[in-house]
Amino acid sequence: MEIFEIICEVFNEALYEILIYIFLSFLFFSILETYFNDKFIDFIAKTKSFQPIFGALIGIIPGCGALATLTTLYHKRKISFSTVIAALIATTGDVAFVLIAQSFSLFLKVIAITFTLGVVTGYIVEMLNIEQRFKLSLSSPKETGLPVHLLPNQLTSAFYYAMILACIGFLLPEGIIKTYLGVIITLFLILYRFTFKHHDIDEGCACKDIGEILYKTSIQVSHMAVWIVSTFLIYEVIFAFFINEEYLISLIANSGIFIVLVSTIIGMIPGCGVQILHTSLYLKGLIPFVGLITNMISQDGDGLVPLLAYDKKSALVATMVTTIPALLFGIVFVIVT
C-alpha cells in the first residue's frame, strides 16, 4: 500500500468513524455539565454517607470536566478523599468518547466494571481512614477559568463549519469527493490543534456560556484528532512495511499478566493523550480486553491534574490507591479466563 493511500485511509477512518461521534458527544456532555453540574455537586456535598456512590456516578460521565470539578471540591474540603478515589477509578476520561464512537455497548461494559470497583474501593478507603492515615493536607484553592486571550474567535467558527462539512461528508456515498473531503477536514483539525496555546486551559474550569463550551469542544476534538491520527498512522505504516500483524497480535494476546502490568503503569500517567493511544491499540486488535479494562481502572484522565496542582501528596496517594484494584482485577481476570 502506498503511503498516500495509507494517509487517505487513516484520515477518513479517524474522521468518519470516530471524530464525528467524539465531537457530537463531547458537545452534548459539555452542555449538560455546564448547566446542570452545580446542582448535582451541591447535592453530593450534603450527603456524606453516599459520597463514594455519587463520586463514581460523576466519574462515569464522559470527559474530565466534572471529575476535575470534583477534585476542586475535595481541595475545598466539601467532599471526602474516598469520593475522589471512587470517581478516579470509575472515570474513563476523554477515552469515553472514543469508546462511544466505536461501540456504545463496549462503553457500557467498561463503565459497569469501573463504576462497581470505584464504589467498592471508595468505601474501603473510607473504612481504612486513608485520608487521616496519610495526613493529607491541602493548600488554599486557586481560581480557574479560561484565559481571556483564548476565548472563541473566527478560527473557532471555521472549526464548526469544518465539522458541519464532516457530518455532510459522512452522509455522502463512498467516492473520491468523500475521501478528499475527509483528508482536508482532518488535516485542518490537526493544524487547528497547534494554532493556540491550548495547554494554558485548565481542565478544572467551568464553562460559563455557550461560547466557552464551543471553544473548549473545538480544542478537545482537535487534540484527540492529533492522538488518534498519529496512532493510526504509526500502526498502518509499521504493519504495512515492517511487522507481521498476525504474529504480533498473537504474541500480545498470550502475554497475560505482562499486559496487565504494562496497561496499569500506562494508566498511572496523568492526562488523556497516552490513554487514547492505548485505547486505539485495543481498537486495532493489538491489546486484549483485560489490557483495556486495567488501563481504564488505573487511569485518571485529566481529572487528576487539578489535584496535582493543589496537593501533590494527595495526588500521589490517589494514584497508588487506584492502581491496586486495577492490578487485582487484571490478575484475577487473566487467571479466570
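Buried means under 20% relative accessible area, exposed means over 50%, and partly exposed lies in between. Keep those cut-offs at hand for this tour of a predicted model.

**Stop 1**

Select Cys167. Its relative accessible area is 25%, so Cys167 is partly exposed. Now select Cys8. Its relative accessibility is 10%, so Cys8 counts as buried. Do not look for a disulfide: the structure holds zero.

**Stop 2: the whole chain**

Zoom out and colour by secondary structure. The protein chain has 16 helices and zero strands. It runs to 337 residues, and 53% of them count as buried. Next, display the contacts. Take those in the protein chain with a separation of 6 or more: 83% of them join residues 24 or more positions apart.

**Stop 3: helix H2**

Select residues 51-59, which form helix H2. Show the buried side: Gln51, Pro52, Phe54, Gly55, Ala56, Ile58 and Gly59.

**Stop 4**

Two packed helices are described by the angle between their axes and the distance between the axes.

Select residues 95-102 for helix H5 and residues 273-283 for helix H13. Their axes are 9 Å apart, and the packing angle is about 20°. Angles under 35 degrees count as roughly parallel, so H5 and H13 are roughly parallel to each other. Their crossing is right-handed.

Show side chains at the contact. H5 brings Val95, Val98, Leu99 and Gln102; H13 brings Gln275, Ile276, Thr279 and Leu283. By class, the contact has five nonpolar residues, three polar and no charged.

Stay on H5 a moment. How many of its eight residues are buried? Seven are, so H5 is mostly covered. They are Val95, Ala96, Phe97, Val98, Leu99, Ile100 and Ala101.

**Stop 5: helix H14**

Move to residues 289-298, helix H14, and pick Ser298. Buried or exposed? Ser298 is buried, at 1% relative accessibility. Set aside neighbours within four places in sequence. Ser298 then contacts Thr264, Gly267, Met268, Thr322, Thr323 and Ala326.

Now pick Asn295, which also lies in helix H14. Asn295 has a relative accessible area of 0%, so it is buried. Which residues does Asn295 touch, leaving aside its neighbours within four places in sequence? Ser263, Ile266, Gly267, Gln275 and His278. Leu261 and Asn295 are 34 residues apart along the chain, yet their C-alpha atoms are separated by 9.2 Å.

Two of the residues met here can be traced to other views. Gln275 contacts Asn295, and Gln275 also belongs to the H13 side of the contact with H5. Gly267 is a contact of Ser298 and a contact of Asn295.

**Stop 6: H8 against H10**

Select residues 154-171 for helix H8 and residues 210-241 for helix H10. The axes come within 10 Å and cross at roughly 65°. That makes H8 roughly perpendicular to H10. H8 passes H10 in a left-handed crossing.

Which residues make the contact? From H8, show Thr156, Phe159 and Tyr160. From H10, show Ile213, Leu214, Tyr215, Thr217, Ser218 and Val221. The contact divides into six nonpolar residues, three polar and no charged.

**Stop 7: H4 against H16**

Select residues 81-90 for helix H4 and residues 312-336 for helix H16. The axes are 10 Å apart, and the helices pack at an angle of about 55°. H4 and H16 are therefore oblique to each other. The crossing is right-handed.

Show Phe81, Ile85, Leu88 and Ile89 on H4. Facing them on H16 are Ser314, Val317, Ala318, Val321, Thr322 and Pro325. What classes do these residues fall into? Eight are nonpolar, two are polar and none is charged.

Finish on Thr322. It is part of the H16 side of this contact, and Thr322 is also in contact with Ser298, the H14 residue from Stop 5.

Key: Residues numbered from 1 in each chain as written. Predicted model: local features only at pLDDT ≥ 70, side-chain atom pairs only at ≥ 80, totals over all residues. Heavy atoms only, no water. Disulfide = S-S within 2.5 Å. Buried < 20%, exposed > 50% of the residue type's maximum accessible area, 1.4 Å probe, protein only. Axes fitted to C-alpha atoms, helices over the stretch in contact; angles between N-to-C directions. Helix = DSSP H or I, 4+ residues; strand = E, 2+ residues; numbered from the N terminus. Parallel < 35°, antiparallel > 145°, perpendicular 65-115°, else oblique. Left-handed = near helix turned anticlockwise from the far one by under 90°. Contact = heavy atoms within 4.5 Å. Nonpolar A, V, L, I, M, F, W, Y, C, P; charged D, E, K, R; others polar.
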